[in-house]
Amino acid sequence: MLSTRNTHASLRWLGKQLFNREDPGAFFDPLLAVLNPMWVRGFVPARLLEVTDETADTRSFRLRPSPRWKGFRAGQHINIILEADGVRHHRTFTVASAPRQWDTDGTITLTVKRHPGGRMTNWMHDHLTPGTIVGISQAFGDFELPEADVPLLYIAGGSGITPVLSHLMTLADRDFRAPVTLLYYVRTQADVIGAEILYALAARWPALTLHVYRTEEEGKTAFLNESHLDTVPGLRARQVYLCGPKGLMDLAGELLHSFGIKDNQIQTTFFSAPSAVPADTPLGGAVTFGRSDKTVDAEGDAPLLEIAEAADLKPAFGCRMGICHQCSCRKTEGTVVNRLTGKASGPGEETIQLCISVPQGPVTVDL
């Protein structure tokens, strides 16, 4: 094992000296992509096997990653790397399938909803066909199942059901006996994503109680309210998982707190990085990238990752919403505000995440 680690370290050093890459094998990716796209080294290649329509605006993509992929835990995310119009794009999606599928046939499923104006979700729906090779990252994220069999409550809206599907299938696979309740909010019955899986689980797995609320068909009473939480037995003892539009999750958090649910009982995952920064918070300032000897005047309307990219720098990044920490970087001077928490950093040296850090006054970053 020691010799293997030393060999890898030597290769990384060689790659940095010759090709300015940590992995010298990735230098040959253009050639390998022509010979066999599944041989590339710069990312984990995955072959698209099947495309399935879930709803009118949601599709599932079943992928077979190369053997270099390390698998995932229920509720985790991956970055998918796509080439569209000659530009490489990274987007983050939750794996909607259960780990048992990966263990059984070596495939995973991503379920993707079209978003009006969304560049890549629409491109995926319009262009991805079976046989296409895409890139994926290793799995990451901590929206994971509890280790103990404790009562659970899920509140999901729209495509926020995707990590919940992975959780529920995994719990059913292990014959989870504690009570599990899902409150799922959609516009109409036709918008239920994973309907076949959800109704099959509810029919065969006694622990699961499923409530689907159709807001456009049922009216105001179908929007999340206190009466919905009143239907959950032993609510105060539940571990709660939230995933959906920000408005739904904010409302859910307020209602749960009013019922005595503590913050340490609630786990939340986001579609994109929300902003908890008050509108009147003073932001902006000169951002200096120390190693690159570049300074940019920022207005405070963009995180440091976007500011760096606008300055023609190429920092590492992954999810772009504060989950994967791949964009972590050293701030040497100045203050930044965390978009997720609304809290300001200290003025000195510390590690920050570029994708969720907005400058508050002059800032220097080791980049």
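**Cores, helices and a cavity in a predicted model**

Of the contacts (heavy atoms within 4.5 Å) between residues at least 6 apart in sequence, 66% join residues at least 24 apart. The structure is a predicted model, in which local features need pLDDT of at least 70 and side-chain atom pairs count only at pLDDT 80 or more, while totals for chains, interfaces and linings use all residues. Residues are numbered from 1 along each chain as its sequence is written, and side-chain values use heavy atoms, with hydrogens and water left out.

The protein has ten helices and 16 strands; these are DSSP runs (H or I, at least four residues, for helices; E, at least two, for strands), numbered from the N terminus. Of its 367 residues, 50% are buried, where buried means under 20% relative accessible area, exposed over 50% and partly exposed in between (1.4 Å probe, protein chains only).

A nonpolar core is a set of buried Ala, Val, Leu, Ile, Met, Phe, Trp, Tyr and Cys residues joined through side-chain atoms within 4.5 Å. The largest such core contains 31 residues, and Y154, L168, L182 and Y184 have the most contacts inside it. At least two residues of this core come from each of β7 (152-157), α5 (161-173), β8 (180-186), α6 (195-204), β9 (208-214) and β10 (239-243). The most is given by α5, with seven residues. When residues up to four places away in sequence are not counted, L182 touches Y154, A156, I161, V164, L168, L198, L208, T209, L210 and H211. Another core, of 23 residues, lies apart from the largest one and includes V95, L110, V134 and I136.

Helix α9 (residues 246-258) has 13 residues and reaches 18 Å from its first C-alpha to its last, close to the 18 Å expected at 1.5 Å a residue; the expected span is 1.5 Å times one less than the number of residues. Its buried residues are L248, M249, A252, G253, L255 and L256. The elements covering them include β7, β8, α8 (226-230), β10 and β11 (266-269). Just after α9, G260 takes a positive phi of about 90 degrees. In helix α4 (residues 119-127), the buried residues are M120, T121, N122, W123, M124 and H125. Their cover includes β2 (58-65), β3 (77-84), β4 and β5 (108-113).

Two single positions were also examined. A98 lies in the loop between β4 (87-94) and α3 (99-105) and is buried, with a relative accessible area of 5%. Neighbours within four places in sequence aside, A98 is in contact with F72, S166, M169, T170 and D173. A98 and G75 are 23 residues apart in sequence, with 8.8 Å between their C-alpha atoms. T335, in strand β14 (residues 328-338), counts as buried at 17% relative accessibility.

A cavity is a set of points, on a 1 Å grid over the protein atoms alone, where a 1.4 Å probe fits but cannot get out; lining residues have an atom within 4 Å of a point. The count comes to one cavity of 30 Å³ or more. The largest cavity has a volume of about 30 Å³, the volume being the space filled by probe spheres set on the points, which are joined across faces, edges and corners. Its lining consists of T55, D57, T58, K113, R187, D191 and I193.

Methods: 1 Å grid on protein atoms, 1.4 Å probe; cavity = no way out; pocket = protein on both sides within 12 Å on 5 of 7 lines; lining within 4 Å.
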